[in-house]
Amino acid sequence: MAAVGIAFAAPDNCKGPAPSQQRPVDLVHLANQTMGDKSLELEVLQMFARQARACLHEMSSGDANAVVSAAHRLKGAAGAVGAFRVQLAAETLEGNCGDAASMAAVGVAVIEAENFILKLSR
């Protein structure tokens, strides 16, 4: 009789869907931010992609203040949409704006996120 009770018991997933850290954009986080509105998700992601590209352009100036400012904006925008790799890379660059490897890591993370967003937009 106990086996029947176990078979029909609700699964222990009260925390909700697990975030996907495997993708360039965490779609679970994004869905929570947009309350599941798919068209809004796409619009937000496209705005993020444009902003990320603008931040990369500003970072390429080489001016330390511009790099720090752009990295800070990119970090916030990436966190809002669930682009956590971009957020982490931007945070690292913000703390060490003269590091070429950190700058390259931001570029790679942004390109991965952009490619992911383009695939979703098809």
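Mentor: The axes of H5 and H6 come within 8 Å and cross at roughly 160°. That makes H5 roughly antiparallel to H6; angles under 35 degrees count as roughly parallel, over 145 as roughly antiparallel, 65 to 115 as roughly perpendicular and the rest as oblique. Axes here are lines fitted to C-alpha atoms, for helices over the stretch in contact, and the angles, from 0 to 180 degrees, are taken between N-to-C directions. The model is a predicted one, in which local features need pLDDT of at least 70 and side-chain atom pairs count only at pLDDT 80 or more, while totals for chains, interfaces and linings use all residues. Residues are numbered from 1 along each chain as its sequence is written, and side-chain values use heavy atoms, with hydrogens and water left out.

The protein chain has six helices and zero strands. Helices (H or I, at least four residues) and strands (E, at least two) are DSSP runs, numbered from the N terminus. Helix H6 covers residues 100–121, which is 22 residues. From its first C-alpha to its last, H6 reaches 31 Å, close to the 32 Å expected at 1.5 Å a residue; the expected span is 1.5 Å times one less than the number of residues.

H5 passes H6 in a left-handed crossing. Where the two helices meet, H5 supplies Arg85, Val86, Ala89, Ala90, Thr92 and Leu93, and H6 supplies Ser102, Met103, Ala105, Val106, Ala109, Val110, Glu112 and Ala113. Contact means heavy atoms within 4.5 Å.

Leaving aside its neighbours within four places in sequence, serine 102 is in contact with Thr92, Leu93 and Asn96. At 7% relative accessibility, serine 102 counts as buried. Buried means under 20% relative accessible area, exposed over 50%, and partly exposed in between (1.4 Å probe, protein chains only).

The buried residues of H6 are Ser102, Val106, Gly107, Ala109, Val110, Ala113, Glu114, Phe116 and Ile117. An α-helix has 3.6 residues a turn, so residues three or four places apart point the same way. What covers the buried residues of H6 includes helix H2 (27–34), helix H3 (38–59) and helix H4 (64–81), as well as helix H5 (84–95).

Beyond its neighbours within four places in sequence, threonine 34 is in contact with Leu40, Glu41 and Val44.

As for the chain as a whole, 32% of its 122 residues count as buried. Among contacts between residues at least 6 apart in sequence, 58% join residues at least 24 apart.

Note on methods:
Left-handed = near helix turned anticlockwise from the far one by under 90°.
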